[in-house]
Amino acid sequence: MTDPVSTGDLLARLADTLAMRRPDRGGDPQTSYVAKLLSKGPDAFLKKIGEEATELVMAAKDGQAERIVSETADLWFHCLVALTHYNLRPEDVLAELARREGLSGLEEKARRPA
């Protein structure tokens, strides 16, 4: 199993790289896929999130472990692009997951505002 600290470090490094690719920070849409997605606005990366989520579902339904991992990586990557657009970080998501740790999923869902 991967060390959680190194996982957090990896996500932080990826977030730093994505932030540098933002067009408003010098990222060039002609040479960077991330800059290209971000320059097109939310519709572009949200569409990719939907596509990758669908591909993950299909891989899971087929029970294809390698594709499940690959499609999950694609989905997470595009979610990181979304976080970058909204000036959020993976650490924000990890903090939310940590907050929920130990809560019953049913209990956590019941606590959400209607």
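What you see is a predicted model, in which local features need pLDDT of at least 70 and side-chain atom pairs count only at pLDDT 80 or more, while totals for chains, interfaces and linings use all residues. Residues are numbered from 1 along each chain as its sequence is written, and side-chain values use heavy atoms, with hydrogens and water left out.

A pocket here is an open set of points, on a 1 Å grid over the protein atoms alone, where a 1.4 Å probe fits, with protein on both sides within 12 Å along at least five of seven lines, and its lining residues have an atom within 4 Å of a point. The lining of the largest pocket has 9 nonpolar, no polar and no charged residues, and these are Leu11, Trp76, Cys79, Leu80, Leu83, Pro90, Val93, Leu94 and Leu97. Two or more of them come from each of α4 (65–85) and α5 (90–100), where helices are DSSP runs (H or I, at least four residues) numbered from the N terminus.

Turning to the second largest pocket, its lining has 8 nonpolar, 2 polar and no charged residues, and α4 provides the largest share, 6 residues. Thr7, Thr72 and Trp76 are among the residues that line this second pocket.

Finally, Val81 touches Leu18, Val34, Leu37, Leu38 and Phe45, leaving aside residues up to four places away in sequence, with contact meaning heavy atoms within 4.5 Å.

How values were computed. Ala, Val, Leu, Ile, Met, Phe, Trp, Tyr, Cys and Pro count as nonpolar, Asp, Glu, Lys and Arg as charged, and the others, Gly among them, as polar.
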